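This briefing goes with the sequence and model shown below. Please read the points with the structure open.

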Amino acid sequence: MVITLKKIGNSRGIIIPSSILKTLDIKDNDELTIVSSNKNIIIKKNKQTAKTLADLFANYHGDYEPVEVDWGKPKGREVW
């Protein structure tokens, strides 16, 4: 596949075809790493790192009230 380098502001860019994005499971806002090696450009999808509970709730500013949940009586040999 041949693509063309295009001017974007003071930079240059390429458009990655959707077929390649789909094959590599790259979605909008995924983080990518770009490196040069032996006069080649290598673009890699960053591995998703697990977020901590604190990270997940970092931008949450609502109220939280814990709720007791009754899961019913044990059905097997669970020990509670």
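The model is predicted. The protein has 2 helices and 4 strands, arranged along the sequence as β-β-α-β-β-α. Its radius of gyration is 23 Å, whereas a compact globule of 80 residues would have one near 12 Å.

**Overall form**

- The C-alpha trace spans about 65 × 35 × 25 Å along the principal axes of the protein.
- Of the 80 residues, 2% count as buried.
- Among contacts with a separation of 6 or more, 0% are between residues 24 or more positions apart.

**Surface**

- The protein has an accessible surface of about 8,800 Å², and carbon and sulfur atoms contribute 55% of this surface.
- A nonpolar patch on the surface is formed by Met 1, Ile 3, Leu 5, Ile 14, Ile 16, Ile 20, Leu 24, Leu 32, Ile 34, Ile 41 and Ile 43.
- Together, the residues of this patch have about 1,100 Å² of accessible area.
- Strand 3 (32-37) and strand 4 (40-45) are the elements that give two or more residues to the nonpolar patch.
- Helix 1 (residues 18-23) contains Ile 20, another member of the patch.
- Ile 20 has a relative accessible area of 33% and is therefore partly exposed; patch membership requires over 30%.

**Salt bridges**

- Side chains of opposite charge can pair when their charged atoms come close.
- The structure holds 3 salt bridges, and a network of such bridges links Asp 25, Lys 27, Asp 30 and Lys 45.
- Asp 25 pairs with Lys 27, with 2.2 Å between the closest N and O atoms.
- Asp 25 also meets Lys 45 in a salt bridge, at 3.8 Å from N to O. Because Lys 45 lies in strand 4 and Asp 25 in the loop between helix 1 and strand 3, this pair ties together parts that are 20 residues apart in sequence.
- Lys 45 forms a salt bridge with Asp 30 as well, at 3.5 Å from N to O. Asp 30 lies in the loop between helix 1 and strand 3 and Lys 45 in strand 4, so the pair joins parts 15 residues apart in sequence.
- Asp 25 is partly exposed at 42% relative accessibility.
- Lys 45 is partly exposed, with a relative accessible area of 32%.
- Asp 30 is also partly exposed, with a value of 22%; the cut-off for buried is under 20%.

**Aromatic pair**

- A pair of aromatic rings is described by the distance of the centres and the angle of the planes.
- The count comes to 1 aromatic pair, and the rings in it are those of Phe 57 and Tyr 60.
- The ring centres of Phe 57 and Tyr 60 are 5.9 Å apart and the planes stand at 85°, so the pair is edge-to-face. The angle needed for this class is over 60 degrees.
- Phe 57 is partly exposed, with a relative accessible area of 48%.
- Tyr 60 is partly exposed, with a relative accessible area of 44%.

Technical notes
Residues numbered from 1 in each chain as written. Predicted model: local features only at pLDDT ≥ 70, side-chain atom pairs only at ≥ 80, totals over all residues. Heavy atoms only, no water. Patch = residues over 30% accessible without salt bridge, like charges linked within 9 Å, V, L, I, M, F, W, Y side chains within 5 Å. Areas by Shrake-Rupley, 256 points an atom, 1.4 Å probe, with all protein chains shown as cover. Salt bridge = Lys/Arg side-chain N within 4 Å of Asp/Glu carboxyl O. Buried < 20%, exposed > 50% of the residue type's maximum accessible area, 1.4 Å probe, protein only. Rg over C-alpha atoms; globule rule 2.2 N^0.38 Å. Contact = heavy atoms within 4.5 Å. Phe/Tyr/Trp six-rings, centres within 6.5 Å; stacked < 30°, edge-to-face > 60°.
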